Amino acid sequence: MSQKKLGFGLMRLPSLDPNDASKIDIEQTKKMVDTFIEKGFTYFDTAWMYCGFASENATKEVLVKRYPRDSYTLATKLHAGFIKTKEDRDAVFNKQLEKTGVEFFDYYLLHSVEDGANYEGYVKYDCFNWAMKKKEEGLIRHFGFSFHGTPELLDKILSEHPEVEIVQIQMNYADWENPLVQSGRLYEVLRKYNMPFLVMEPVKGGSLASA
């Protein structure tokens with residue numbers, strides 16, 4: 001049976017304090033996770049800084065402690081803004097394993113690759129080769145990146161890094177021809193490389209659903 005194509009994003013979670021995203025309502029989130037899994041979905045997405053750096057901890061409480069490891073797929077991300085030395089890569093990664101309570105990540109993404117500082121940081125600290133070593137060690141099952149840059153940069157990265165297995169892009173009908181997002185052109189680059197991809201913001205944070 002193929003995996004259902006809907007993910008549970010752990011970025012905007014219910015909070016006990018409207019002024020503090022890190023005060024996650026764990027009991028409400030558990031109910032949401034239970035419903036998601038009961039409906040046959042398995043993909044969960046978190047990241048180092050989501051919910052005031054509390055999302056990965058919450059993932060452990062609402063998912064990892066409560067479900068068998070083979071019943072869900074977990075993705076998290078490394079953000080260039082928190083990498084100032086090569087040693088920082090391992091420091092963050094090891095902390096992510098601790099915070100989530102898993103022994104490996106199904107998907108590990110370089111977060112928000114874009115033109116300028118973020119991409120340059122990933123290159124400076126050799127994050128592509130570093131991630132592949134994590135994969136060789138069995139700590140990552142699949143490696144890729146989330147992307148907010150230009151189609152030209154996406155083409156450059158995929159041509160230089162055939163080891164990439166998946167890319168996450170922002171895509172919805174409002175952004176298809178948006179000159180800033182350029183979803184349509186990004187999609188064509190992904191097709192050029194026959195690259196599997198994940199969609200973020202399919203309803204623009206809910207705004208398309210209420211339009």
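1. Starting with the lining of the largest pocket: its residues split into 14 nonpolar, ten polar and six charged. Keep in mind that this is a predicted model.

2. That pocket holds about 980 Å³ of space. Its lining runs to 30 residues, and the ones nearest the centre are Gly7, Gly9, Val199, Met200 and Pro202.

3. At least two lining residues come from each of β1 (7-9), β2 (43-45), β4 (105-113), β6 (166-170) and β7 (197-200). Which strand gives the most? That would be β7, with four residues.

4. On to the packing. The largest nonpolar core has 54 residues, and Phe44, Phe145, Phe147 and Val167 are the ones touching the most other members. Helix α6 (residues 127-136) supplies the largest share of this core, five residues. There's also a second, separate core of six residues, with Ala75, Tyr107, Leu109 and Ile166 among them.

5. Phe44 is worth a click in the viewer. Setting aside neighbours within four places in sequence, Phe44 is in contact with Phe8, Leu10, Val33, Phe36, Ile37, Leu63, Tyr72, Thr73, Leu74 and Ala75. Ala75 turns up again as a member of the second core.

6. Last, the cysteines. You'll find zero disulfides in the structure. Are Cys51 and Cys127 buried or exposed? Cys51 counts as buried because its relative accessibility is 6%, under the 20% cut-off. Cys127 is buried too, since its relative accessibility is 0%.

Key
Residues are numbered from 1 along each chain as its sequence is written. This is a predicted model: local features need pLDDT of at least 70, side-chain atom pairs count only at pLDDT 80 or more; totals for chains, interfaces and linings use all residues. Side-chain values use heavy atoms; hydrogens and water are left out. On a 1 Å grid over the protein atoms alone, a cavity is a set of points where a 1.4 Å probe fits but cannot get out, and a pocket is an open set with protein on both sides within 12 Å along at least five of seven lines; lining residues have an atom within 4 Å of a point. Grid points are joined across faces, edges and corners, and a volume is the space filled by probe spheres set on the points. Ala, Val, Leu, Ile, Met, Phe, Trp, Tyr, Cys and Pro count as nonpolar, Asp, Glu, Lys and Arg as charged, and the others, Gly among them, as polar. A disulfide is a pair of cysteine sulfur atoms within 2.5 Å. Buried means under 20% relative accessible area, exposed over 50%, partly exposed in between (1.4 Å probe, protein chains only). A nonpolar core is a set of buried Ala, Val, Leu, Ile, Met, Phe, Trp, Tyr and Cys residues joined through side-chain atoms within 4.5 Å. Contact means heavy atoms within 4.5 Å.
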